[in-house]
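This report walks through one protein model, from helix packing to aromatic pairs. Keep the structure open while reading.

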Amino acid sequence: MSQVGYDSGRAWVVDTRRKPRTFSLAVVYFDAVAITDKIYLKNHRQIVSQLDTSIPKGAFKGATMEVLYSGDGLAKLDDATRDRLLDFATDFLDCENPDDLYTGYPERQFIRYLLELRAQGLGPDAIVDVMSDEYMLYAYPGDVLSFLDGAVRRLEAVESLAAVENDEEMERRAAEARRALSNG
């Protein structure tokens, strides 16, 4: 019996009769950084002016996350901006271990958020609108579409790999996730 698994850019097949083998599949690589590098703070100039400090425009850049995570200077922001940025920090940067802030935890949480919005039936334009309303973040709808398309293609690859390995459970789960993202 074989099991197929996937995490952080690696796919693996475990044959219970033999020693486990792990192999890298470029086609399955789920590049979290690619989309989170394209997520920006809306009204960045206004935020920087109010904070009276310079931070990168990218929401998932180290210095930006550090300011939002620590809360330094957020009291200087107007109420609406502060509330949305605190919501962002709570929802994506609130790690059990502070060291997890730099291990991809926020990016994984945000990707889960994007995928859940798509599964609710929202298209790329609507996803960008929701991100903007909830967290004062923006991205280009084309970047979101590209990310979602890549996620569907990766799930197709996982589904095919699971079928080859006769892992019906993994194949079913990948197919369900793919349909949820495809149909939205």
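## Packing of α5 and α7

Helix α5 (residues 105-119) packs on helix α7 (residues 141-164) at an angle of about 85°. Their axes are 11 Å apart. The two helices are therefore roughly perpendicular to each other. The model is a predicted one.

Which residues of α5 and α7 make the contact? From α5 come Ile111, Leu114, Leu115 and Arg118. From α7 come Phe147, Leu148 and Ala151. By class, this contact has 6 nonpolar residues, 1 charged residue and no polar ones.

Helix α2 spans residues 44-51, and its buried residues are His44, Ile47 and Leu51. They cover an arc of only 65° around the axis, so they sit on the same side of α2. An α-helix has 3.6 residues a turn, so residues three or four places apart point the same way.

The other side of α2 holds Arg45 and Ser49, both exposed. What do the buried residues of α2 pack against? Their partners are β4 (40-41), α3 (62-70) and α4 (79-93). Just after α2 comes Asp52, with a positive phi of about 60°.

## Aromatic pairs

A pair of aromatic rings is described by the distance of the centres and the angle of the planes. With ring centres required to lie within 6.5 Å, the count comes to 11 aromatic pairs. One of them joins Tyr40 and Tyr138. The ring centres of Tyr40 and Tyr138 are 5.5 Å apart and the planes stand at 40°, so this pair is tilted. Tyr40 lies in strand β4 and Tyr138 in strand β5 (residues 137-138), so the pair ties together parts 98 residues apart in sequence. Tyr40 counts as partly exposed, at 21% relative accessibility. Tyr138 is partly exposed too, with a relative accessible area of 22%.

Phe88 and Tyr135 form another pair, with ring centres 6.3 Å apart. Their planes are at 70°, so the pair is edge-to-face. This pair also links distant parts of the chain. Phe88 is in helix α4 and Tyr135 in helix α6 (residues 124-135), 47 residues apart. Are these two residues buried or exposed? Phe88 is buried, with a relative accessible area of 0%. Tyr135 is buried as well, at 6%. Both belong to a cluster linked by ring pairs, made up of Phe60, Phe88, Phe92, Phe110, Tyr113 and Tyr135.

## Ser132 in α6

Helix α6 also holds Ser132. Its relative accessible area is 9%; buried means under 20%, so Ser132 counts as buried. Which residues does Ser132 contact, leaving aside its neighbours within four places in sequence? They are Lys42, Arg84 and Leu137.

## The whole chain

The protein has 8 helices and 5 strands. From the N terminus on, the elements run β-β-β-α-β-α-α-α-α-α-β-α-α.

How many residues does the protein have, and what share counts as buried? There are 184 residues, and 39% of them count as buried. Among contacts between residues at least 6 apart in sequence, 51% join residues at least 24 apart.

Notes: Residues numbered from 1 in each chain as written. Predicted model: local features only at pLDDT ≥ 70, side-chain atom pairs only at ≥ 80, totals over all residues. Heavy atoms only, no water. Axes fitted to C-alpha atoms, helices over the stretch in contact; angles between N-to-C directions. Helix = DSSP H or I, 4+ residues; strand = E, 2+ residues; numbered from the N terminus. Parallel < 35°, antiparallel > 145°, perpendicular 65-115°, else oblique. Contact = heavy atoms within 4.5 Å. Nonpolar A, V, L, I, M, F, W, Y, C, P; charged D, E, K, R; others polar. Buried < 20%, exposed > 50% of the residue type's maximum accessible area, 1.4 Å probe, protein only. Arc of directions from axis to C-beta. Phe/Tyr/Trp six-rings, centres within 6.5 Å; stacked < 30°, edge-to-face > 60°.
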